[in-house]
Amino acid sequence: ERPALRALLRTYLDLLEFDYIKLKLFVRKDLFRKVVQGGFVNLTHVNAKRLDIVWDEEDLKALLCNRIRRDADFVPSFGTTATSDDDVFNLLFPPQVDSGPRKPTTWAWMMSRIRDGNGTRPPRNLVDLAKKAQEAQQRAEDRSAREFLSGAALIESDSLRKALQRLSEDRVNDTLLAEAAELAPVVERFRDGKAEHNLATLSALLSVTEDKVIAAAKPLIELGFLEEIGDVFKVPMLYRDGLNITQGKAYSTEAPSSEE
């Protein structure tokens, strides 16, 4: 994978001398880091043409709501003239997935669960989560049709939870393990465990001494599988259901675990 991408970048540089041939490459940030790791000749020429694609929360909500608006009959069918992204979003989803004054809004819940350990939130994850929630809701309606009340969200909280489980399973298999290569067996060691680790528990999982944990965990952090927060290492929510990882600490502490 890495040699092929390096060769592709060298080809890109070679084509810069032609006026009527332009090559545009789309490369994920984590893959780009792998390609240039250890040095890359004329990297400054590549960076001079490089443009990062950034997806803010507002961009992601606009993307999702614009897809919903493609159905010209959808919004009018609810007897409303909802036009803003927030209005369209609130037609579909409940205010919260988990009720409670300290629980996040549904949008914040979705944002925290489609991100990897590097904070990357691919639009595909959001779209897939919404589609899987729609499918889960349709199955629920087929089993037992509900009476739709005015003001009620079209998609229920339980459908979102089930959608997250399916999304996690897909991303573990088609992204995390597929791209982990030689790290895949290491990732598998976290299966059926807890989401939060410290140096001691990582030392046991990675089979290294505590003074070498940071170096051993670095590839997993770069992969987006682990997120380093102070002296704690967390598996992002995106990958937990797919690996049957439960919330909580793998080490003993008096402080409760809180992630929302």
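**Chatting through the model**

Modeller: Let's start with a polar contact of 3.1 Å between the side chains of E227 and R115. (A polar contact is a pair of N or O atoms within 3.5 Å; within protein, one must be able to donate a hydrogen and the other to accept it, and residues adjacent in sequence count only if both atoms are side-chain atoms.)

Colleague: Before we go on, what kind of model is this?
Modeller: It's a predicted model, where local features need pLDDT of at least 70, side-chain atom pairs count only at pLDDT 80 or more, and totals for chains, interfaces and linings use all residues. Residues are numbered from 1 along each chain as its sequence is written, and side-chain values use heavy atoms, with hydrogens and water left out.

Colleague: OK, back to E227: which strand is it in?
Modeller: E227 sits in β2, residues 227–229. (Helices, H or I with at least four residues, and strands, E with at least two, are DSSP runs numbered from the N terminus.)

Colleague: And what does E227 touch?
Modeller: Not counting residues up to four places away in sequence, E227 touches R115, G117, V232, F233 and K234. Contact means heavy atoms within 4.5 Å.

Colleague: New topic: which residues of the largest nonpolar core touch the most other members?
Modeller: Those are F93, F190, L220, F225 and L226, out of 50 residues in that core. Such a core is a set of buried Ala, Val, Leu, Ile, Met, Phe, Trp, Tyr and Cys residues joined through side-chain atoms within 4.5 Å. Buried means under 20% relative accessible area, exposed over 50%, and partly exposed in between, using a 1.4 Å probe and protein chains only.

Colleague: Which element gives the largest share of this core?
Modeller: That's α8, with eight residues.

Colleague: What about F190, what is it in contact with?
Modeller: Leaving aside neighbours within four places in sequence, F190 contacts several residues, including L220, F225 and L226. There's also a second, separate core of eight residues, with L9, F32, V35 and V36 among them.

Colleague: Is S207 buried or exposed?
Modeller: S207 counts as exposed because its relative accessibility is 57%.

Colleague: And N244, where's that?
Modeller: N244 lies in the loop between β3 (232–234) and β4 (246–249). Phi of N244 is also positive, near 55 degrees, and at 46% relative accessibility N244 counts as partly exposed.
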